[in-house]
Amino acid sequence: MIIPAFDEAENIDPLFAQLEPVLQQLASLAEVIFVDDGSRDDTAERVRRLAATRPHVKLIRLGRNFGQTAALMAGFDHASGEIIVALDADGQNDPADIPRLLAKLGEGFDLVSGWRRVRRDPVVRVAASRLANIVISRLSGVRLRDYGCTLKAYRRSMLKGVRLYGELHRFIPIFTAWQGGRVTELAVNHRPRSHGRSKYGLDRTLSVILDLILIRFLSLYVSKPLRLFGSLGMLMLLGAALAGAYAIWLKFAEGVPFISTPLPLLVVMLVTL
């Protein structure tokens, strides 16, 4: 179980108090990995206190705030189980949903993504998130209603070789589907934040859009890049040929010297590109 945390000291103990009964329900002992993403409060100290009496609780500290994607990747790299569950440290994800996610995974799926059907966030943020989910689903071909929910259950085999950066953690379902994995979603409880403040705002929208462009490029051209760059190159060569032909026609039909038009320079530029 991976829990990325950034300045969530007040939420660590309440979250673990809710998580512990869930862990006791599991057939085998699960490890709990808290990833302190460069917190400036005593988040790490709170986790150390838990780990002092619970050997299955582990702490990973990042040198500075790298973001949720990097924190999750650190957790993936250090996790030892074949099934991985990730959830936020802010207490908005409900640990009681974890057995349901695992049961769904046991039906033959490789990734089960939480769907916050009823969001406990500001209206503007919810509206922006829903629009982003629609766009991501249509561009990627993987239909999910809530890409941004951290609460997910993964099969470790689907994460091998996956390196994430930027905001790409929300696109793990897409990578899983591209590898032939079975992806589904499950409605989960979303709770209002009790302590601290949200670290996510509308300023992340641009980053998500840029990462979405990257995802679209990878989906179409990662194994056949010449189809993109070759097509662009042929269009530029065609443009150069048309510009050169027009310059020649102006020279001999209209008596316009080459030096009087920008067409020769356009030909050179397009050929070079």
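Let us begin with Asp36, which touches Ala5, Thr43, Ala44, Leu59, Ile60, Arg61 and Leu62, leaving aside residues up to four places away in sequence; contact here means heavy atoms within 4.5 Å. This is a predicted model, in which local features need pLDDT of at least 70 and side-chain atom pairs count only at pLDDT 80 or more, while totals for chains, interfaces and linings use all residues. Residues are numbered from 1 along each chain as its sequence is written, and side-chain values use heavy atoms, with hydrogens and water left out.

**Asp36**

- Asp36 sits in strand β2 (residues 32–36); strands (E, at least two residues) and helices (H or I, at least four) are DSSP runs, numbered from the N terminus.
- With a relative accessible area of 2%, Asp36 is buried, a term that means under 20% relative accessible area with a 1.4 Å probe and protein chains only.
- Its side chain makes a polar contact with the side chain of Ser39 (2.4 Å). Such a contact is a pair of N or O atoms within 3.5 Å; within protein, one must be able to donate a hydrogen and the other to accept it, and residues adjacent in sequence count only if both atoms are side-chain atoms.

**Helix α4**

- Ile98, Leu101 and Leu105 are the residues to look for in helix α4 (residues 98–105), where they are buried.
- They lie on the same side of α4, because they cover an arc of only 60° around the axis, taken from the directions from the helix axis to the C-beta atoms.
- The buried residues of α4 pack against α1 (9–25), β4 (83–86), β5 (111–116), β6 (152–155) and β7 (183–188).

**Arg119**

- You will find Arg119 in the loop between β5 and α5 (123–140).
- Arg119 counts as buried, at 14% relative accessibility.
- The side chain of Arg119 makes polar contacts with the side chains of Asp121 (2.8 Å) and Ser129 (3.2 Å).
- Arg119 also touches residues including Arg125, Val126, Asp146 and His190.
- From Arg119 to Met234 is 115 residues in sequence and 48 Å in space, C-alpha to C-alpha.

Conventions: Buried < 20%, exposed > 50% of the residue type's maximum accessible area, 1.4 Å probe, protein only.
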